[in-house]
Amino acid sequence: MKLKNDHLFKEIFCLIPARSGSKRIKHKNIMKLNGLELFLHSIKFAKKFPFLHICFSTDSKKYIEIAKKFLSVKNLRPKKLSTDYVKTYDVLKFELNRIERYFKIKFKYLLILQPTVPFRKKSDLMKAIKFIKKRGVDSVVTLNSVGGNHPLRMKIIKKGLAKNYSNERTENMLPVQKLPKVFLRSGSIYMIKREAFFKYKNLLGKKVKPIIVEGKYAINIDNLNDFILAERA
C-alpha cells in the first residue's frame, strides 16, 4: 500500500490498549462482531497504514494469542497498569518508553485506537494526521453529538431530590434544537503531539482539534445495547 506522505506514518506511535477485566460486559474486548473479536477490528484498521510500530497492550495471554493473527505480540503489560482505575495516559507512557528504549527511536506523534470502537474511516485518520501537523494544535480527537441527551437536561440526586447537573438554578425548558451543540469523545481517534503529551500529562493537551463522526462511526461499545447497535450497523 502506498499512501501520500508515507514517511509521516513512521513518526506515529500507534497504541491499541485492550485490558481483559471488563466489568459491564464480561470479556467485552473479545466478543465477536462480524466474526472477529472486537479488538481485532482496531488492529485490522491500523494495519491499513504503514505505521512503524503498532503496539497492542494487554494483560491477557489469551488476547495476545488472538492478536497474533495480525501482529507480532510478546509482552504483557504490568499488573499495576491493568487495574480498573488505570489511566490510559499511564499505559501509553509505559508502552511508548518501552518501545523507544528497545528500538532506540523517538516518535513525534502518539495515536490511540480504542478497541471498543469497531468502525472507523480511513479518511478520518488522514484528516487527523493533516491537523496534528499544524501549529497551534496539541491534539486531534473524534467527537459525536450527544443528540437529545443534552447536559442541560441532566439531573443529579442529592438528599433524595433531583437537582440540575449544570450550574443553572432554574429549569431550562428550551427545545433541544435551541440548545448549544454539545459533543462527546467518541473514542475512535486520539492523536497528540509527543511534546504536549508529556507537558500536560494527559491525552488532549489544551488546543484540541475536533473531527465529528456520525452513525456507526460514533459507536463505542460500553454496554450490550451498544453491541447490538454495532451488530445492526
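1. A salt bridge is taken here as a side-chain nitrogen of Lys or Arg within 4 Å of a carboxyl oxygen of Asp or Glu. In the present structure, Glu 65 and Lys 68 are joined by such a bridge between their side chains, at 3.3 Å from N to O. Lys 68 is classed as partly exposed because its relative accessibility is 43%; the classes are buried for under 20% relative accessible area, exposed for over 50%, and partly exposed in between, with a 1.4 Å probe and protein chains only.

2. On the basis of the work, this is a predicted model, in which local features need pLDDT of at least 70 and side-chain atom pairs count only at pLDDT 80 or more, while totals for chains, interfaces and linings use all residues. Residues are numbered from 1 along each chain as its sequence is written, and side-chain values use heavy atoms, with hydrogens and water left out.

3. How many salt bridges does the rule give? The count comes to 6 salt bridges. Side chains of opposite charge can pair when their charged atoms come close.

4. One of these bridges joins the side chains of Lys 69 and Glu 37, at 3.6 Å from N to O. The pair links distant parts of the chain, 32 residues apart: Lys 69 is in the loop between helix H2 (61-67) and helix H3 (88-103), and Glu 37 is in strand S3 (residues 36-37). Helices (H or I, at least four residues) and strands (E, at least two) are DSSP runs, numbered from the N terminus. Lys 69 counts as exposed, at 53% relative accessibility, whereas Glu 37 is buried, at 8%.

5. A further bridge connects the side chains of Glu 171 and Lys 155, at 2.5 Å from N to O. Here too the pair links distant parts of the chain, 16 residues apart, with Glu 171 in the loop between strand S8 (161-164) and strand S9 (183-193) and Lys 155 in strand S7 (residues 155-158). Glu 171 is partly exposed, with a relative accessible area of 40%, and Lys 155 is also partly exposed, at 39%.

6. Is Ser 57 buried or exposed? Ser 57, in strand S4 (residues 53-57), is buried, because its relative accessible area is 0%. Its side chain makes a polar contact with the side chain of Glu 95 at 2.7 Å (a pair of N or O atoms within 3.5 Å; within protein, one must be able to donate a hydrogen and the other to accept it, and residues adjacent in sequence count only if both atoms are side-chain atoms).
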